[in-house]
Amino acid sequence: MTIERDATDQSLEVLYVGTEWIDAIGTSLEATLPQAVIHAVSDPATARSDYTASAFDCIISEYTLPDETGTAFLSSYAVDSELPSLLLANKDTQPTAAEVMAANVTDYFVVDHLDDEFDTLAASIEDAVTRRYRSHHERHEIALELADAGAWEYRTTTETLWWSKQAWEIHGLGPDRTRSPDEISDLYISDDQPRVTDAFENAVDKGEPFDEIAELDSDEQRWIRIRGKPITSDGEGLRISGSYQDVTPFKQREEQFKFLHSAGTELMQATSRDEAAEITIDAAKNILGYARAALRLVDENGEILRVFATTKDNVAAAGERPDYRVDEDVPAARTYRRGQAEVFTDFDTMQNEYERGVLRSGFYVPVGDHGVFSCGNLDPNAYDQTDVDIVAVLTKLTATALTRIEADRELRRKRDQLEDFTGTVAHDLRNPLNVASGHVELARRNPRNADFEGIQDALGRMETIIDDLLKLARAGKSLDDVTAVSLADVTEEAYQHSRSDGLTVMAAVDMVIDADRERLLHILENLFRNAIDHNDPPVSVTVGTLEATKTGGGESRSGFFVEDDGSGIPTDARSKVFENGYTTLTDGTGFGLSIVRHVADAHGWSVEITEGRAGGARFEFTNVPLTSEKTSQ
């Protein structure tokens, strides 16, 4: 007689409590149920102290026991309502029907001569255990299917191993071959075999649970998570129950993140946006497996998302990828503006004019405030939030690298400016200093012929240069005192400071702006002085209001202009006039218009040189915030 358990015979662990029929039970069950292993104890106290009910497939208890009845023992010991339990009693001492019901006894035998009941007893054990295992395994198999896992069990008493159907499938095997525990480790690569073997042996010998991940020895790279928990009783292991789970996707992600670390190192060493973009796309394709990817970065004006890098597979599938305006209603631009990822299950449902070739689905992930990463697939519904989360790790690394690159570039720019600045200062101060030194030397030789006026002129020249340098140094610093300022009032004050024969200044339209009054005064004073120094008198300067203008990124804020009616600034010189030290005058410092640009930058304004209505120089300041409250200064 055998008990079927998922196509593999197993040992049957039976706990017997009592003394009256144990010898007969042990002898007879060996013949009728050869797979049965009897664990006998004489009293309930020993059963409770030395054995765990969950370690057994069936419990047989005599009704008459020391200190308590068999029904009382079963009620308190076999707490698993599905664990088969059989009660044996003689005709003189029997339980009541209520006792039997309360103990949840599977079957009850009243015996005079047990020899006559062995067939019935064995059949009852077989039937109860079979029904229990069928119910248990059916639920277990459903749970394992839902969990995408397989189960296994090893019986130490018979050294037999059982695998569920899912366990065979996870290993890519059929259930037509029985494997011994020693052969199981051979299913994994040689590097992992010792770990699997040691874990299993420690579970058998020492009762230690284990949780290991091993790589299958197969053509396709796959990883299996192996878990085992020993079930012991009386200090001895009776069986080890465990599970197998294919964790290949998780392991692949783990490997991807490991390689992403190296990509992050490369990104931190990148020296340009182009290099960072190429590293990002290479990592997306070769580490994360996103073969059809593109990276767009916003241009310096913040208006266009330009394709900095893409894969050949992406171009082959969708054609040359276009640049997008930041304000367009397309996924890439929306993702950049909102800073939120978007996943599209089917591009065919989208209504826009952009060609995506054979790509059917895709997703977009922001790269900080620098740009957007996008990826496409030939199939619909190819991506989900997991893909977004994985790529987000890469794009955060990229954003960090791009921020550093921009900071390094700005630092280099300022360092170069400082070198140019110090060189210019040294040059400009050296000339009047040499003049003053020459006059002092002559005066030392012949005091009567001392040219004190020349010395004074040289010192005055140096004072002018130093004064401009101090203004320039303060011009680009952060603003601490921005208030509502009347442009007409500041224009009048600047004119008083710059008053000169032949200069006329007019504020055409008054406006109130948010500005640092002192530094706005520097702008106007330097522009008025620039008009005087570079034009023959008389010269007229007009300060007026600009209408709201259109830019590529949308509508800019209103601003103001300062223009003269002089000879103007040649087109090819307009990009140079804001540089430190640039001047066309022999006695000029070259810092006046540089001060203008730095003050505008500190306010967040844009300044551009154009031609005035009368052909003179026109300086336009845009992105200037207006205030609704007029101030009197």
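This short talk goes through some backbone features and salt bridges of the structure above.

What we have is a predicted model, in which local features need pLDDT of at least 70 and side-chain atom pairs count only at pLDDT 80 or more, while totals for chains, interfaces and linings use all residues. Residues are numbered from 1 along each chain as its sequence is written, and side-chain values use heavy atoms, with hydrogens and water left out.

Let me begin with the backbone. Pro537 and Pro538 are joined by a cis peptide bond, with omega about 0°, and Pro538 sits in the loop between helix H16 (517–533) and strand S20 (539–546); helices here are DSSP runs of H or I with at least four residues, strands are runs of E with at least two, and both are numbered from the N terminus. Asn104, although not a glycine, has a positive phi of about 55°, and this residue counts as partly exposed at 44% relative accessibility, where buried means under 20% relative accessible area, exposed over 50%, and partly exposed in between, with a 1.4 Å probe and protein chains only.

Turning to salt bridges, meaning a side-chain nitrogen of Lys or Arg within 4 Å of a carboxyl oxygen of Asp or Glu, the whole structure contains 20 of them. In one of them Arg195 pairs with Glu212, the closest N and O atoms being 2.7 Å apart. Because Arg195 belongs to helix H8 (residues 193–206) and Glu212 to strand S8 (residues 210–215), the pair ties together parts that are 17 residues apart in sequence. Finally, Glu563, Arg613, Arg618 and Glu620 are linked in a salt-bridge network.
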